[in-house]
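Thanks for coming, everyone. Let me put the model up, and then we will walk through it together.

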Amino acid sequence: MPYQHTSEDQHSRQPPGRLAGRTAVVTGASRGIGLAIAERLVSEGARVCITARNAEPLGEAARTLPAARVLTVAGKADDPRHRAEVLDTVAREFGGLDILINNAGVNPAYGPVSKIDLDAARKVLEVNVLATLAWVQAALAHPELHFTQRRGTVVNLSSVTGDTPAPGIGLYSVSKAAVSHLTRTLAAELGPDVRVNAVAPAVVKTRFARALYQDKEEEAAAGYPMRRLGVPADVASAVAYLVSEDASWVTGHVLSVDGGLTAAGGTV
Ligand SMILES: NC(=O)c1ccc[n+]([C@@H]2O[C@H](COP(=O)([O-])OP(=O)(O)OC[C@H]3O[C@@H](n4cnc5c(N)ncnc54)[C@H](OP(=O)(O)O)[C@@H]3O)[C@@H](O)[C@H]2O)c1
């Protein structure tokens, strides 16, 4: 029988919202897109557990959110012990999990794929692809999260580079192509109870992408029909839609959030 949201909001002073009573994990959320997603989910009524490798900035990020609605657990998204600690904490403190956002991603290797150091390539695939899969597996398998019974929903961070090769960040784009296809594959396997979608941003102004636009923002935005680069909130609002009941018939979709860049035939 599907889990019924009892919605503590009906009995408390919490503001009602599209995600009232829901609980979420957002990986890599001490800044950038992950933090914007956490802020948006909280603003729509959810409670969130945010993660990142460095505890201090993670704590600072948490202090920007209402204390009663946020948990932090520092660690590496690609570390199985960290994943277990996060999910155990969420089970204990929130009583279950509804939303998993696989946001943590890395790109330590620049240059042609044909010459990439294989250890660097392994790291990119480990964090961006295998850890994404591992978080989903762990959420499904956790006996106290009831992720399937609660009709859990997953959003993975892909990228427009997953569809179009991007010079200099080729292995990263290979990893994001894998994230997009992993999303479709999991959606096909896990319906009807669990929905799995992805967002594929073009350049969003964060520390991660700074080299792509610093000191040349106007030039970088010229190929975008919307004539501007993205900001983290652009991605967060798309994610909030995908995890909400408004998207209850949407699964296996990779949603471009790119100011029209790919429609116009542009590349990052
Ligand atoms: N910005 C863009 O233009 C863009 C475009 C398309 C897709 N994306 C994707 O969006 C996601 C977020 O990117 P962003 O631009 O927001 O990056 P960002 O501003 O650099 O933020 C990355 C966040 O992830 C954490 N993090 C990094 N590696 C981690 C790991 N191994 N385990 C746990 N946390 C980790 C970072 O904190 P610590 O350093 O403390 O761990 C930080 O909180 C990534 O998957 C990226 O590929 C970004």
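Where is the place of Pro-192? It is in the loop between α5 and β6. Helices (H or I, at least four residues) and strands (E, at least two) are DSSP runs here, numbered from the N terminus. A cis peptide bond joins Gly-191 to Pro-192, with omega at about 5°.

A word on the ground rules. This is a predicted model, so local features need pLDDT of at least 70 and side-chain atom pairs count only at pLDDT 80 or more, while totals for chains, interfaces and linings use all residues. Residues are numbered from 1 along each chain as its sequence is written, and side-chain values use heavy atoms, with hydrogens and water left out.

Now the sheet. It is open, with 7 strands in the order β3-β2-β1-β4-β5-β6-β7, and the pairing is parallel. Two strands pair if DSSP finds at least two bridges between them. At the edges stand β3 (70-74) and β7, each with a single partner strand, so one side of each has no neighbour in the sheet. From one strand to the next, the twist averages 15°. Angles run from 0 to 180 degrees between N-to-C directions, and axes are lines fitted to C-alpha atoms, for helices over the stretch in contact.

Val-25 stands opposite Cys-49 in β2.

Next, β6, residues 195-201. How many of its residues are buried? The count is 7 of 7. Buried means under 20% relative accessible area, exposed means over 50%, and partly exposed is in between (1.4 Å probe, protein chains only). In a regular strand, side chains alternate between the two faces of the sheet. In β6, both faces are covered. On one side sit Arg-195, Asn-197, Val-199 and Pro-201; on the other, Val-196, Ala-198 and Ala-200.

Look at the partners of β6. Strand β5 (residues 153-157) joins β6 through 5 bridges, and the two run parallel. Thr-153 stands opposite Arg-195 in β6. With β7 (residues 254-257), β6 pairs in the parallel sense over 4 bridges. There, Ala-200 has Ser-256 as its bridge partner.

Zoom in on Asn-197, in β6. Its relative accessibility is 0%, so Asn-197 counts as buried. Leaving out residues up to four places away in sequence, Asn-197 touches several others, including Val-154, Asn-156, Thr-183, Leu-242 and His-253. Contact means heavy atoms within 4.5 Å.

Now the helices. β5, helix α5 (residues 170-190) and β6 make a right-handed β-α-β unit. Right-handed means that, with the strands pointing away from the viewer, the path from the first strand over the helix to the second runs clockwise. Helix α7 (residues 232-243) lies across β4 (99-102), β5, β6 and β7, at about 165° to β6.

Is Ser-244 buried or exposed? Ser-244 is buried, because its relative accessibility is 0%. Its side chain reaches the backbone oxygen of Tyr-241 at 2.8 Å. A polar atom of that side chain also lies 3.1 Å from the backbone nitrogen of Asp-246. Both are polar contacts: N or O atom pairs within 3.5 Å; within protein, one must be able to donate a hydrogen and the other to accept it, and residues adjacent in sequence count only if both atoms are side-chain atoms. Not counting residues up to four places away, Ser-244 touches Arg-18, Leu-19 and Arg-195.

His-146 is not a glycine, yet its phi is positive, about 55°. His-146 sits in the loop between α4 (118-141) and β5, and is partly exposed at 34% relative accessible area. Arg-227 also has a positive phi, near 55°. Arg-227 is in the loop between α6 (217-221) and α7, and is exposed at 59%.

Last, the ligand. For Arg-31, a polar side-chain atom lies 3.1 Å from an oxygen atom of the ligand. For Ala-77, a backbone N or O atom lies 2.8 Å from a ligand nitrogen.
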